[in-house]
Every structure is written in C-alpha cells, then in structure tokens.
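These exercises use the structure shown below. Try each task before reading its solution.

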Amino acid sequence: MQLNSTLAATSAAISPGGADRLAAVLAELKLLSPDEAAPAPKTQAGRPPVTTPQDSGRPPARGGVRLFVPGARLVPTRSVTAAAEAVEHTAAARGIACISGQRGVGKTVAIHQALQLLPTRIPVWQAVIGVKPSLPQLRACLLEALGLPAATLTRRPRAADHALKQVLRQPGVLFLDDAQRLPPPLLDYLRLLWDEPGTAAALLLCGAGAERGITRVPALRARVLTWHKVAGVEPDHLTETLATFHDVWEGANPADVKRADAAIARGNFRTWAKITSHLYALAKRSRHTKVDSSLIKQACARLAPTP
C-alpha cells in the first residue's frame, strides 16, 4: 500500500517559535514588515503537524515527498531541522546555499519545510533539472520555473537572460534540486545571473554530490554563503523517530531496530520509510499487535540487496 503526499509543513514542525524568529530576520533585511509575522499554529505535543498545501497558502511545489504507508507523518529529525535552519538563513540573507548529503537522508524534505516558513508573498520557484542538461535546456527550465514564456524566449538567449535577471531582482527563492547534474559551465551560468547588480533572490542548490560540482567552479564556490551536509538519522534517536513517523513502530525493541539499521538502512530515512511500508502490510495481514524481530526481518527482506 502506498500513499503519495506533497510535503507542506508548518513552522512548529521545525522548531518552536521558528516562524517568529525567521520573521524578525526577514523584517530586519526589509523582506517583511514586523506586523506581517503570523503566530505559529498550536499543535499537540509530541506529534509534528501535517497540513495540506492549501493550508500553507503557497502552491504545492513539483515533486514533493512520498510517504510509502498510510498514516505516516513527516518527522522533524535533528538533521532535517539543522538543514531547514540553514535554508532559512540563506533565504533571509538573499545568498546562495549548497545542501548536500546522501540520497534519501531528507535534503528535499528539509528544504520544503524551510520554504513553507517563508511569508506567502515571498515567491518560491522550483526548477526541475533534467539529466545532462544543455545551456538552452537549463535556460528553458529556469524560464518555466519563474513563470516566464519559455516557448518564445528559449530561441532568444539575450532576451531570455534579461527576463531572468529582471525577475531575480525581486526577493524570492529559487530551488534547484539534483544540482549535481549541472556541469561546471552551467553552474558558472548561474553564478553570472547572481552576479548581476540588483539580484535580490536566494539560490538553493541541492543534491547528492552537489558540493563536488560547485567546488570545481571557483567563482561560484567563493559566492556560496551556506554549506550544509544533511546527515542520516541518528542511531540513538532512531526508535523514537520511527515511532513518531508511524504508529506501527510503537513498542518496537530498540535492539531489533538497531540491528536492521546496521544491516540494511544505515541511517537512510527513505529506506526506513520503505521498511515501514512493508512492515505495515505484514502486520495487517498477520494481525500482529506488536512489531518483533521476525516481522522486521521479513520487511527488510523485501528491499533490494545492500551494495
């Protein structure tokens, strides 16, 4: 059984009072007046709130986050919280950030959580990068993300670049996921856009290995304000994190969870989401009232072999 859900998290899912602190920074940088700060919604202690994209007031971003089992909740782990705070600072400072880490550790989750904190009048653009893109393809991708007529501007590079620069003169955030796909010339093209006088938008470059590509472009590397590497789920908090993620894990033996993490998941939250999906299905079919080592082993056996 599978549930696809586009991520939309409130500020309380990151840290108590997070919206108020971010609002103060934005106001100081003249991105937000003090009276625009909205109070953080109240939630039940111990459970991260989950809202719909309509609740956030911001259109849902492309892609989103897949939760592989009904009843799963988005969990503000420490690593996700730290990444979200780095994104918040970069957005407020109108800088460039590189968010890296292994696949499945929660980079995109953290960024979407942080972007949901921004006032809805601050535009957020997400560009979808193709595999081995060319400069015209990247330019068209950016035009589309920023709401510009890509079909008419793609064949006019100078006009397209001028239009991009004009939009980027307003405060906003451009989020490029899978930035590791961009070769040095295209990363340098982004640097040129951000070097344009008057640029007020922030740039978030996210991806597994994105930092390696950026370091090969010295001019861009020197302009990155924030470098952040998202770590996996901490072993000491894994059982608690999983119980928050889904009720099926409540009462699980921490030793069983630790063994499965060492053998299969290795701190990767996406892998744990898949294990949870299989565990949920197995528990439903077998009418298990409590997760045990046998059930966990059966769930883990349905994943691909560990390389």
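**Exercise 1. Find the residues with the most contacts inside the largest nonpolar core.**

Solution. A nonpolar core is a set of buried Ala, Val, Leu, Ile, Met, Phe, Trp, Tyr and Cys residues joined through side-chain atoms within 4.5 Å. Buried means under 20% relative accessible area, exposed over 50%, and partly exposed in between (1.4 Å probe, protein chains only).

Step 1. The largest such core has 37 residues, and those with the most contacts inside it are Leu142, Leu146, Leu174, Leu176, Leu190 and Leu205. Helix H8 (residues 184-195) gives the most to this core, namely six residues. Helices here are DSSP runs (H or I, at least four residues), numbered from the N terminus.

Step 2. Apart from this core lies another, of 27 residues, including Ala72, Ile275, Leu279 and Leu282.

Step 3. Take Leu142 as an example: leaving out residues up to four places away in sequence, Leu142 touches Ala127, Leu164, Leu174, Leu176, Tyr189, Leu190 and Leu193. Contact means heavy atoms within 4.5 Å.

A note on the numbers: this is a predicted model, in which local features need pLDDT of at least 70 and side-chain atom pairs count only at pLDDT 80 or more, while totals for chains, interfaces and linings use all residues. Residues are numbered from 1 along each chain as its sequence is written, and side-chain values use heavy atoms, with hydrogens and water left out.

**Exercise 2. Trace the salt-bridge network that contains Arg191.**

Solution. A salt bridge is a side-chain nitrogen of Lys or Arg within 4 Å of a carboxyl oxygen of Asp or Glu.

Step 1. Arg191 meets Asp188 at 3.0 Å, N to O; the two lie three residues apart in helix H8, about one turn.

Step 2. Arg191 also meets Asp195, at 2.8 Å.

Step 3. Asp188, Arg191, Asp195 and Arg223 are linked in a network of salt bridges. Arg191 is buried at 14% relative accessibility, whereas Asp188 is partly exposed at 24% and Asp195 is partly exposed at 31%.
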